[in-house]
Amino acid sequence: MALKANILVVDDSEGTRNLCAKMLEGDGHRVSTTEDGKYAIELLETESFDLIVSDLMMPGVDGMGLLRHVTDQGLKCPVVLVTAYASVATAVHAMRQGAYDYVPKPFDTDELQIVVRRALEHAQLKSENQDLKRELKAQFKFGNIIGSSRAMRSVYKTVEKAAASSSNVVVYGESGTGKELVARAIHFNSARSAGNFVPLSCSAIPETLLESELFGFRRGAFTGADYDKKGHFEEAHSGTLFLDEIGEISAVTQVKLLRVLQDRRITPIGSTKPIDIDVRFVAATNRDLAQEVQEKQFREDLFYRLHVVPIYLPPLRERKSDIPLLAEHFLGKYAKENDKLLDGFSADVLEQFRAYAWPGNVRELENIVQRAVTFAEGESIGLDDLPTNFQRKVEYEEKFFTGQIQSLSDLIAEVEKFHIERALVETDGQRTETARRLGIDRRTLYDKIKKYRLNDKTVGT
């Protein structure tokens, strides 16, 4: 898609100015012209241009002087220089000073059109990348690691110090506590934020493929290697490599990772040429790596290389004061995605949220809120909007902590009762179909209905 832009043409030749203006206006651009570099600078003080096309050699302020003004003032518009004095030396000098490109006279209008289009596309892409960087930085700023509890305030302080340093980090926490969110916050608030954040789940990749994912490979290195592939180490150069579930890697891979941490260089599979890398490592695990070291499951030397700044994320059950804040955050997020206006949660819902132990942590809470928003029909989230199995989990926990469930057999009975109830509701009480769904015969179903006192009235509620 052609970009329509506001372009300034500067040339002391009237014929060249008119030719450029006619060509650019024919492409739909708005064009201003001047024969004087000094007047062009005055125009730049009052008007914003998307591109400047300027002659290099002009009396007074020439093209290089105009280019220096654009650079010194931090203006975003690219500069294309046009001149009859074409030489490699002047072209290289102009490019080093910040010119986007260089077109010699007499120029072909098709060539100039191509250069202008590329310059505008480059400027747009650069602007979009800058916007994306700002958006990512805002998304992963410390404030979006949500929580106001004392435990989370301690986490914020450690994350802030980690981001300001170049030290390796290990983030500890149960599944679903937000370890990757913390890793991203460290990266996007660090001096490496312009580089790549490269995540790798060590538990999701088979051990046989992990080495090629980390180190990359060269064409012909093994059967099926039909191309060169950069590994995660190389992709993360000047940025951050996030190794999730670091405790899952084998002893062999631990040795190779330790070597990279020590030498700061890698050799792709199938290559004999080592590559220097500049990577910051952030690892995450739900294991106790210090205990793994004691048990000889994790190398002590690798542990101390990674475990420079440890960050411990508390499970949600240990920071229940953060639950309403988190729930409101997810409510706003998914209400917007579903184009719904929802005014918070009922008191009963928040009470259930606080009563539940959240074994799946923040990720489980987000899932529950997302489902509730999807099915909500009222002005706020009520108990009826919560998944039935979640409400039953809360009920199980309440019975357990109040002593109503005292053994595993009692818990199994509660779960069995729930599944029979749900199957009867889903089949409108048709017991033959219910027995089929549950994988039991009709006689067994009748006995269990009697055992759990699931009469027709109970089933229908």
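Trainee: What makes Asp263 and Arg259 a salt bridge?

Mentor: Their closest N and O atoms are 3.6 Å apart. A salt bridge is a side-chain nitrogen of Lys or Arg within 4 Å of a carboxyl oxygen of Asp or Glu, so the pair gets the name. By this rule the count comes to 17 salt bridges. Keep in mind that this is a predicted model, where local features need pLDDT of at least 70 and side-chain atom pairs count only at pLDDT 80 or more, while totals for chains, interfaces and linings use all residues. Residues are numbered from 1 along each chain as its sequence is written, and side-chain values use heavy atoms, with hydrogens and water left out.

Trainee: Where do Asp263 and Arg259 lie?

Mentor: Both sit in helix α10, 4 residues apart, which is about one turn of the helix. Helices here are DSSP runs (H or I, at least four residues), numbered from the N terminus.

Trainee: Why is Asp263 called partly exposed?

Mentor: Its relative accessible area is 37%. Buried means under 20%, exposed over 50%, and partly exposed in between (1.4 Å probe, protein chains only), so Asp263 lands in the middle class.

Trainee: And Arg17, is that residue buried or exposed?

Mentor: Buried, because its relative accessible area is 11%. Arg17 also forms a salt bridge with Glu35, the closest N and O atoms being 4.0 Å apart. That pair links distant parts of the chain, 18 residues apart: Arg17 is in helix α1 (residues 14-26), Glu35 in the loop between β2 (30-34) and α2 (37-46).

Trainee: Which residue forms a salt bridge with Glu211?

Mentor: Lys256, with the closest N and O atoms 2.7 Å apart. They link distant parts of the chain, as Glu211 is in helix α8 (residues 207-215) and Lys256 in helix α10 (residues 251-263), 45 residues apart. Glu211 counts as partly exposed at 32% relative accessibility, and so does Lys256 at 29%.

Trainee: How do you know that α8 is roughly parallel to α10?

Mentor: The axes, lines fitted to C-alpha atoms over the stretch in contact, come within 11 Å and cross at roughly 10°. Angles run from 0 to 180 degrees between N-to-C directions. Under 35 degrees counts as roughly parallel, over 145 as roughly antiparallel, 65 to 115 as roughly perpendicular and the rest as oblique. That makes α8 roughly parallel to α10.

Trainee: Which residues of α10 make the contact?

Mentor: Thr253, Lys256 and Val260, where contact means heavy atoms within 4.5 Å. On the α8 side they are Glu207, Leu210, Glu211, Leu214 and Phe215.

Key:
Helices (H or I, at least four residues) and strands (E, at least two) are DSSP runs, numbered from the N terminus.
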